[in-house]
Amino acid sequence: MSVFLAKRIATLVLTLWLTTVVIFIVLEVIPGDPAAVMLGMNAEPETLAALRAELGLDRPALVRYFSWVQELLHGNLGISHTYQVPVSELILERIAISLPLTLFAIVLSTVISIPLGIIAASKQNKPADFFVMGFSQLGIAIPNFWFGLLLILFFSVTLRWVPAGGFPGWEAGFFPAMGSLILPAVALGLPQAAILARVTRSSLLEVLQEDFIRTARAKGATQRRALWRHALRNGLIPVVTIMGLQFSVLLAGAIIIENVFYLPGLGRLIFQAISQRDLIVVKNMVVVLAATVVFINFIVDILYVVIDPRLRGGDRG
Amino acid sequence: MFSLRKVFGGIAVALCLTFAASSAMAAKSSLIMGMVLEPPHLDPTAGAAAAIDEVVYANIFEGLTRIDRWGVVRPALAKLWRVSEDKKTYTFYLRKGVRFHNGSAFDASDVVFSLNRARGKSSTNAQKVLFKPIETVTRKGKYTVVVTLKQVTGSFLFNMGWGDAVMVDRASAATNKSKPIGTGPFKFKRWVRGDRIEMVKNTDYWGKPVKLQKATIKIIPDPAAATAALLAGDVDAFANFPAPEALKQLENDPRLKIVIGNTEGETILSTNNQRGPFKKLKVRQALAYAINRQEIIDGAMFGFGTPIGTHFAPHHPAYVDLTAKFAYNPQKAKQLLAEAGYPNGFKAVIKLPPTPYARRGGEIVASQLRKVGIRLEIIPVEWAQWLAQVFKKRDYDLTIVSHTEPMDIGIYARKDYYFAYDSPKFQALMKKLNETVDRDARHKIMGEAQRIISDDCVNGYLFQLAKGGVWNKDLRGLWENSPVQANDLTEVYWVK
């Protein structure tokens, strides 16, 4: 286990270092000057120079890289060029929306998809199976932003049950805040549920063909008992993999849904920061997100070990 | 028993009626207004983003003068002023009893501080050029300030009404970006970044108190989301609605009112006058004849916008309508191209910034120019790229952009500007304009200036950007036009 952990941590450090190099080079290469974006078309050259000096952009690239990494190692994410507030504060504000939204969507998709996948697998080629697979086909085919718009039209514009978008903030209370996350979570979660249901079904079906299931059945276990006691645990490994991937994708990649529901989440922050050339925000967010993804993968790896004891044994030897 | 029920019933009905009556009588006193772009920060003296002024101008911050809904200069923190005989010395008499939102009193030393900060060496004021004519700023008593100018500047009082020239307090100047402190009728309350900015009524205001108790600016970047938010009643108004294509749909909603107004945005096909074929006047003339303005307005703006024939706002009294001079005439365009030595046309590049008018307009321009033989390669660019490549390095042939600064015809006198237009005649004329204070004489010069750039076909002149406002039919007092980039809420109120 300790070798396993050490390997994982080494990968984590290496990944993060590579991330800093790549993102720094990319931002050096793309055209666009943060000072010019902030000061616009009427700015005097001396004003631009003054602002560049204020932002520390007049120093050579290598100096800027090392001072950035040094700050990062001290846990300092710097001050946003445009917003003039600490980047850590900006990210925390946005995570307070993106993380609950992602978790909400994941919970929703899990609660829907796994039972459906199990039903479909146990009733293979029966009407229930066709129904579930039909649903998931539809869920995969519908783009989530369009689905989001449909939800808004029905629940906000016609029924007026929930606001069409925006986020009142957690200080407005738990229920108003969650209320504004319901439609986005459904819009995000349902297509994911469709994918998960498919994966659950096919993975279970595969496991059900295995020898040990036949053995269990031969020993007198019912079809149901074989599925629940023996197949499910094995069948869930690919499902957990997919969920781990989905989590990272949803956390930073919900940008389209954030736009449709005008939620101030992480995705929108990074998008805005890129278009405004708020380089410090872009760089540090990329590093934070990369760290998050690496960390989630780490958790997923540990979950494998929990689900599949054989992996534990492998490390001991 | 029976009668008791009746009594209770009666009370219940009476209560209901009272509630209904009281809620009907008390008009709403809060406003939620949608905006597409979030301001990067809230200090109008340190950024070019229009969104900053659209939140704070006249609401939170005030200057010596202000520009009203008609584009007219009015007294603000200076209650009156005197201009010397030689038009180079301005004496401003300040209002007394004005306080910043942090409680400190406003007086002459704040004016000296604010103006010197804006024109100082380390200034990051995006419109520092406005303060260039200033030679000295002197405090003459607690409520009197004297400003002397290096040269006569006809537009000085107007310039002092820009958002970039507002008065700030020494103690809070450095933190205005995140916590703006001004003298205006609204106080900043909080900013939930990415979502909304809240302002509340300033009960300590020196002037006429505002009717709204609270104003919230809600940031909604997506046009479809903006439409849904209006239809769902989440926002009361969109002073500048982002999607002209949705206005028809909103028009059918009886709760909403659509108000089409003017802006200061001249939308032009900017041309690099020093590059390739565009150096030749005949080619630029051909370009002017090849453009069908109405088709562009219909296609890119769904019919909203006024055709222009020069770089000047059509609602300005000095505007000269030159659209007929280069009316759509592809035959003439082809002939001019042939005379210029391009009988088979040529290839060029058009770089388009992300705004919908530019992206959609660019496609239409490209198809119109193809008909006369000019084959455009369309390159979409981000705003930051546009500023770096097109605006700064002049690495472009053509582009489409809206010049939204008010009264900005003076940019044609800057020979290093991105049009690369160098006309000594025009430069001399602008110098004359600056030195002229008399209104009629100024208007005459402005007319002449419009003709020169139109004759020289410096750029393709397309249309004046319209302001499509959508708001609740019970709301009054929002600006119909935008003579400066602002959402002045000082006169806004609900009739119900």
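## Terms and model

Axes are lines fitted to C-alpha atoms, for helices over the stretch in contact, and angles run from 0 to 180 degrees between N-to-C directions. This is a predicted model: local features need pLDDT of at least 70, side-chain atom pairs count only at pLDDT 80 or more, and totals for chains, interfaces and linings use all residues. Residues are numbered from 1 along each chain as its sequence is written, and chains are lettered from A and ligands numbered from 1 in the order in which they are written.

## Chain A overall

Chain A has 14 helices and 0 strands; helices (H or I, at least four residues) and strands (E, at least two) are DSSP runs, numbered from the N terminus. The C-alpha trace spans about 85 × 60 × 35 Å along its principal axes.

Of the 317 residues in chain A, 37% are buried (20 or more other C-beta atoms within 10 Å of the residue's own, with C-beta atoms placed from the backbone).

## Helices α6 and α8

In chain A, helix α6 (residues 127–141) packs against helix α8 (residues 174–208) at an angle of about 135 degrees, with the axes 8 Å apart. The two helices α6(A) and α8(A) are therefore oblique to each other (angles under 35 degrees are roughly parallel, over 145 roughly antiparallel, 65 to 115 roughly perpendicular and the rest oblique).

Residues of α6(A) in this contact include A:Val132, A:Phe135 and A:Ile140, and those of α8(A) include A:Leu190, A:Pro191 and A:Arg198; contact requires C-beta atoms, placed from the backbone, within 7 Å. By class, the contact has 9 nonpolar, 2 polar and 1 charged residues (Ala, Val, Leu, Ile, Met, Phe, Trp, Tyr, Cys and Pro are nonpolar, Asp, Glu, Lys and Arg charged, and the others, Gly among them, polar).

Note on methods:
Buried ≥ 20, exposed ≤ 12 C-beta atoms within 10 Å, placed from the backbone. Contact = placed C-beta atoms within 7 Å.
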